[in-house]
Amino acid sequence: MESLGVLLLHPMNAYLEQELDRRFRLIRLWDAPPGADARAAFLRANAAAIRAVVGNAGYNADAALIDALPALEIVASFSVGIDRVDLAKCRDRGIRVTNTPDVLTDDVADLAVGLAIAALRKIPQADRYVRAGLWKAKGDYTLTTRFSGKRVAILGLGRIGLAVAKRAEAFDCSISYHSRSQKPFPNYRFFTNVVDLAANCDVLIVACLLNAETHHIVSREVIHALGPEGVLINIGRGAHVDEPELVSALLEKRLGAAGLDVFEHEPFPPEQLLGLDNVVLVPHVGSDTEETCKAMADLVLQNLEAHALNKPLLTPVI
Amino acid sequence: MASAIAVATVPPSGAKHSVLLLRRANDRLAAALRARYLVVNFYASGASLPAFLAASAAAEPEPPRAALVVGDGTIRVNAAFLDAAPYLRCVVTTAAGLDHIDVAECARRGVLVAGAGQTFSTDVADHAVGLLIDVLRRVSAADRYVRRGMWPVQGDYPLGSKLSGKRVGIIGLGSIGSSIAKRLKAFGCVIQYHSRRPKDTVSFRYFPDVLSLAAESDVLIVACALNNQTQHIVNKDVLEALGKDGVVVNIARGGNIDEAALISALKGGEIAGAGLDVFEKEPDVPAEFFSMDNVVLTAHEAVFTTESGSDLCDLMIGNLEAFFDGKPLVSPVLPN
């Protein structure tokens, strides 16, 4: 069996890279010289060998890349969200696509709740206050508001949304949600309309997948409904939220606070947020733990190995 | 004897009971107290505490039989205090901890003590979980990274550690410890604990001492009272047993941890990180912590939400009313 040629799009994980190098024929896209022309030439030179692509949330097999790789058979994403994979094109070409569901559910849900507590209880802000010597100089930090018992609304009640709900329930939070269809959870209040969902909650957590329907699902209207006491937590995709609207709402305090793991143009969060006190900002770390990244990498490797051996894929999307 | 203290004027409608106010009162509490009682206010008197207590014996129409006492340790209700205020029959305190009240001495003198009950447990538990997630997932450190513009320059932030599945050792399984346990269970943590005696109402694994708890835990959360037995209950040996991947969270009292040993363990990489709301000499936080990215520091604020403030106000009034009505206190503190 000829070793599978795998194009890795970005140095996303050292263990993954090392194992791809060991088990397959690894080609690193960032070895290409800088510039679009040089990159195109690099792809042409390697195209015959590349049968697999490994991408992630930020860098994935878009139409242009797929077109440049005539021998491509499989895209194995180091992520659960594959909004940056051109699925239609993959379907047309018969290219398989796998992702990494389940193994990262706990981490993402943990972070969602952690961001909600951080935003409401202003933990990073208090940490800044203490490190700046202000506790000594100015006295107690400001009063914040309780997390327990808040009305938590979840956009998308899939694996991650459900895991968030289970955690929030331990804080005596009431749970409401919106998703494409109602789910069999009678204790969770279902809303068909996202604006109504936002109007009836204290904390709105974005946990759905990104597609054409959910692009900017957190719109100006939704942000307005969430209101000056409301908190938005985004552990989905930056494009779920109308970011300029979010920024002005936070600046003008028309929205109470936000905890954001994702942004429309990563790694560039909106500059106006960087100095704000009512927001917590983390750099797309939803599944970024040693344990989970290893599990995700193993899943990518197992999917590629299954493909190479003509065995059933473990976590196919198509 | 001429009194330099401020005594509230007697309202025309009739005599109210007097209450000693030995804490700051926000508007809501002040209004609630004024509506019901004659408030004898220490902080408004400008007197020293002994002088104030002595003068209050002469308060009209009666010396105050109840006192509201601040919980930050600046006033200690000990034998000397009780000697100076023999007219007091009830002390209502408002801190989550009771290290400033000699509960045994109060009991000996028949002085009732009312504490904060469960008022703070929710917010302290929430804060403990928030600190733990922050340390493991590096939330505050990553927030700093983003705000400094490092994300486009240095790329992805270093990986954190998964919370789900961690063995969490809780020191002290009272109201706060139990609330923490309930929350972390939902995150898939394995809960185990040490307290003076095992609790037969819970199914968590019990450890008879903190050292053995630490040896089999990934996380230690300090949620016990501060007293002679628990001073430095987390010491150098406990930190060593916890190990290089271990994390400590303290929402109890700074004195529960040997702070110098903690700093040394963090500097030497002998434990992985710490989330601290309390310190040995507040508000002096050792500067050694400020250069550490694996610690999260908050300003003894685990209880400070608007909700607990108003809950506490209701509780204090409730306890005072019960006392003056001769009814059982709402949140009595009994000697051990």
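In the predicted model, chain B and chain A bury about 5100 Å² between them. Carbon and sulfur atoms account for 58% of that area. Three residues of chain B lose the most area to chain A: B:R137, B:R147 and B:W151. Together they make up 17% of what the chain B side buries. In terms of contacts, 57 residues of chain B meet 59 residues of chain A.

Between chain B and chain A, 34 residue pairs are in polar contact, counting pairs with both residues at pLDDT 80 or more. Several elements of chain B each supply at least two residues to the side that touches chain A. These are the helices α6 (121-137), α7 (139-147), α8 (150-154), α9 (175-185) and α13 (306-324), together with the strand β12 (295-297). Helix α6(B) gives the most, with 10 residues. By residue class, the side of chain B that touches chain A holds 27 nonpolar, 14 polar and 16 charged residues. Nine salt bridges are found across the interface of chain B and chain A. A salt bridge also links the side chains of A:R146 and B:D311, with an N to O distance of 3.2 Å.

A:D107 lies in helix α5 (residues 105-121) of chain A. Its relative accessibility is 0%, so A:D107 counts as buried. The side chain of A:D107 makes a polar contact of 2.5 Å with the side chain of A:T289. Leaving aside residues up to four places away in sequence, A:D107 touches A:G286, A:S287, A:T289 and A:T292 within chain A. From chain B, A:D107 touches B:R137, B:K162 and B:L163.

Strand β1 of chain B was examined next. This strand spans residues 18-22, and five of its five residues are buried, so β1(B) is largely enclosed by the rest of the structure. Its side chains point two ways. B:S18, B:L20 and B:L22 point one way, whereas B:V19 and B:L21 point the other way. Residues on both faces are buried. β1(B) pairs with strand β2 (residues 38-41) of chain B. The pairing is parallel and runs over four bridges. Within this pair, B:L20 stands opposite B:V40 of β2(B).

Definitions and conventions:
Residues numbered from 1 in each chain as written. Chains lettered and ligands numbered in written order. Predicted model: local features only at pLDDT ≥ 70, side-chain atom pairs only at ≥ 80, totals over all residues. Heavy atoms only, no water. Contact = heavy atoms within 4.5 Å. Buried area = accessible area lost by both parts, 1.4 Å probe. Salt bridge = Lys/Arg side-chain N within 4 Å of Asp/Glu carboxyl O. Polar contact = N/O pair within 3.5 Å; in protein donor to acceptor, adjacent residues only side chain to side chain. Nonpolar A, V, L, I, M, F, W, Y, C, P; charged D, E, K, R; others polar. Buried < 20%, exposed > 50% of the residue type's maximum accessible area, 1.4 Å probe, protein only. Pairing = 2+ DSSP bridges.
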